[in-house]
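Please consult the sequence and the coordinates alongside the points below.

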Amino acid sequence: MFPVSTVGVFLALAFLLGTFLVWRLSRAWDLDEEKVLDLTLLTFFGGLIFSRAYFILDNFQFFGFSLLKWILITKYPGFSFWGGILGGWLSLYYFARRLKLDFWQMADIAAVGLLGGLILSDLGCFFGGCGIGVKSNLFFALPAVGVIGKRIPVLAIEALILTFILFKIWAK
């Protein structure tokens, strides 16, 4: 048996929401849904691989040349957000061209899917306690487990702002 974290559940839901949004837009724009969903999976895995590689390079003094430390994610965890963004966009560019899809149109669709995924990943991080926010005495500051004082719920506020942006984009 392995532990399941709140962040992990919300990341899985974020992937599903992002994929759903991409699928809906591809249907609305009369694109080949199968190709777009293939591109979504390839982009996801490209982002995941780049995310891990970037994290390993950024923390090479810990990982060194040990292939086991690179591969055993549960024993030696770590991913880089910016590595995932870079890898996702590079993968999107490469595979969109291979599948003979317009990269800029796919980038538009992917941006909406990414926005939906970021909303749920922010909420997962907020509920999981991985982003505690800044110490404050404001009326909306909340207590956080493991730290002294109330904190501004930065990730919850970010999720609300991203939700507003998504609804504004979707309405057009």
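Which residues form a nonpolar patch on the surface? In this predicted model, the patch consists of L41, F44, F45, L48, I49, F50, I73, F79, L86 and L90. Together these side chains have about 880 Å² of accessible area. The points below treat the patch, the aromatic pairs, the charges over rings and the disulfide in turn.

**Nonpolar surface patch**

- Two helices, α2 (33–58) and α5 (81–98), each contribute at least two residues to the nonpolar patch.
- Helix α2 provides the largest share of the patch, with 6 residues.
- L86, one of the patch residues, is located in helix α5.
- L86 has a relative accessibility of 44% and therefore counts as partly exposed.

**Aromatic pairs**

- The structure contains 14 aromatic pairs.
- One of them joins F15 and F44, whose ring centres are 4.5 Å apart; the planes meet at 45°, so this pair is classed as tilted.
- F15 counts as partly exposed because its relative accessibility is 26%.
- F44, which is also listed in the nonpolar patch, is partly exposed at 33% relative accessibility.
- F20 and W23 form a tilted pair as well, with 5.8 Å from centre to centre and 40° between the planes.
- Both F20 and W23 lie in helix α1, 3 residues apart, which is about one turn of the helix.
- F20 is partly exposed, at 43% relative accessibility, and W23 is partly exposed with a relative accessible area of 23%.
- Ring pairs also link F55, F62, F63 and Y76 into a cluster.

**Charges over rings**

- The charged end of K69 sits over the ring of F62, at 4.8 Å from the ring centre; F62 is also a member of the aromatic cluster.
- R52 lies over the face of F79, 6.0 Å from the centre of the ring, and F79 belongs to the nonpolar patch.

**Disulfide**

- A search of the whole structure identifies 1 disulfide.
- The disulfide joins C125 to C130, with an S to S distance of 1.7 Å.
- Is C125 buried or exposed? C125 counts as buried because its relative accessibility is 17%, and the cut-off for burial is under 20%.

Note on methods. Residues numbered from 1 in each chain as written. Predicted model: local features only at pLDDT ≥ 70, side-chain atom pairs only at ≥ 80, totals over all residues. Heavy atoms only, no water. Disulfide = S-S within 2.5 Å. Buried < 20%, exposed > 50% of the residue type's maximum accessible area, 1.4 Å probe, protein only. Patch = residues over 30% accessible without salt bridge, like charges linked within 9 Å, V, L, I, M, F, W, Y side chains within 5 Å. Areas by Shrake-Rupley, 256 points an atom, 1.4 Å probe, with all protein chains shown as cover. Salt bridge = Lys/Arg side-chain N within 4 Å of Asp/Glu carboxyl O. Helix = DSSP H or I, 4+ residues; strand = E, 2+ residues; numbered from the N terminus. Phe/Tyr/Trp six-rings, centres within 6.5 Å; stacked < 30°, edge-to-face > 60°. Lys NZ or Arg CZ within 6 Å of the ring centre and 35° of its normal.
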